Amino acid sequence: MKTIEPTTEVIILTGQGSIENAVQAIKLGAYDYLTKPCQLKELDLLLQRALEKRKLSRENFHLKTLVHDVQKPSSMIGNSPAIKAVFKMIDKTAPSDVTVLIQGESGTGKELAAKMIHQYSKRADKPFVIVNCATLQESLLESELFGHVKGAFTGAAESRVGLFEIAEGGTLFLDEIGELTVNTQAKLLRVIQSGEIRRVGDNRVITVDARIIAATHKNLPLEVKEGRFREDLYFRLNVITLRLPSLRERKDDLTALIQHFLQKFCKGERTMDMHPEALHAMTLYDWPGNIRELENTIERTVVLADGNIISIEELPDNIRGRTYEHYGKNGEIALSEVEKNHIIQVLKEKNWHKPLAAKTLGISLKTLYNKMKMYNIDL
């Protein structure tokens, strides 16, 4: 029965009971073992407890399955020194169970970095659970993290497991942890220190094993100094700090990121590329929203672009304005000529072997063909 449906709870009721049979039944997965005659009240109470355990088991199983379903292989794009330092830190950090604090501006990829740490760890086959501390009300946060029992508060019609339990054996990612209230910080600190939780409204202690990765865009030492973040929790979280660079600190990765997002948002057989003037305008922009802003910009331009080449006119005003202001039309034409001449030179050096030329230029073969077509470069 347990093989067919693991969440089924089995109660043995027999008139031919023995200690040996009882022990064997429990070993095989029975919830409990009763011998006749038994009190109906005792049986009724046992059935209620078994039913409650079955509900919790099914909910836990469903949520864990859901967590696994949304997981996809994650990786960061780039080859700049700044992002290589991040890769190196992730490689060193992932195999251990040490707590990691990820710091960086909004949109720099903190969640992606946390997923990579989880996927390269020994916990990779277990759940990766995300908690956005900024979106949960304080009154609900404790229930979400630790769970609650039936009747613990108004609206608690049934018991519910918390995210700490769902992340059992895996990783719990506390995003925007700087948004937690001091009261919730104290409760979180106790759990991290002891590895034990109590569901809201319950006196029982539950031991949990979940690796903690926290992230914030705030300056936590300053938050500690000004009394908005507990110093003891900060030291508990700050075992290893992973700082993610802003996009303006890794402009060398911009072209690769643009190509990645172009491929992501182009549907079907459609392929797209950036005109040199548009690409140059994007390199001049500071990207205050970092990679998230870049992704949104590429998605917008792919939708609105008329052809397969995104021109500077199709970029948002705040991005293309820098090029118009500082360079003017003549500068833009000169830039395209520089790229065209460079492509021709590389093609000649490689005896017009386009795969080798594309590799030397650091672009895909498809992108090379698009640029040759755009610049009317013939064999």
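**Exercise 1.** In this predicted model, determine how the axes of H10 and helix H11 (residues 276–284) are placed relative to each other.

*Solution.* Begin with the axes: those of H10 and H11 come within 11 Å and cross at roughly 120°. Because of this angle, H10 is classed as oblique to H11. As to handedness, the crossing of the two helices is right-handed.

**Exercise 2.** Identify the residues through which H10 and H11 meet, and classify the contact.

*Solution.* On the H10 side, the residues are Leu254, Thr255 and Ile258; they meet Leu279, Met282 and Thr283 of H11. Sorted by class, this contact of H10 with H11 comprises four nonpolar and two polar residues, with no charged residues.

**Exercise 3.** Describe the second largest pocket by its volume, and state which elements and residue classes form its lining.

*Solution.* First, the volume of the second largest pocket is about 400 Å³. Next, 18 residues line this pocket, and Thr255, Leu361, Gly362, Ile363 and Lys371 are the ones that lie nearest its centre.

Then assign the lining to elements. At least two residues each come from helix H10 (254–265), strand E12 (273–274), helix H14 (328–349) and helix H16 (365–374). Of these elements, H10 gives the most, with five residues.

Finally, divide the lining by class: eight residues are nonpolar, seven polar and three charged.

To connect the exercises, consider Thr255: this residue of H10 takes part in the meeting with H11 and is among the residues nearest the centre of the second largest pocket.

How values were computed: Residues are numbered from 1 along each chain as its sequence is written. This is a predicted model: local features need pLDDT of at least 70, side-chain atom pairs count only at pLDDT 80 or more; totals for chains, interfaces and linings use all residues. Side-chain values use heavy atoms; hydrogens and water are left out. On a 1 Å grid over the protein atoms alone, a cavity is a set of points where a 1.4 Å probe fits but cannot get out, and a pocket is an open set with protein on both sides within 12 Å along at least five of seven lines; lining residues have an atom within 4 Å of a point. Grid points are joined across faces, edges and corners, and a volume is the space filled by probe spheres set on the points. Helices (H or I, at least four residues) and strands (E, at least two) are DSSP runs, numbered from the N terminus. Ala, Val, Leu, Ile, Met, Phe, Trp, Tyr, Cys and Pro count as nonpolar, Asp, Glu, Lys and Arg as charged, and the others, Gly among them, as polar. Axes are lines fitted to C-alpha atoms, for helices over the stretch in contact, and angles run from 0 to 180 degrees between N-to-C directions. Angles under 35 degrees count as roughly parallel, over 145 as roughly antiparallel, 65 to 115 as roughly perpendicular and the rest as oblique. A crossing is left-handed if the near helix is turned anticlockwise from the far one by less than a right angle, and right-handed if clockwise. Contact means heavy atoms within 4.5 Å.
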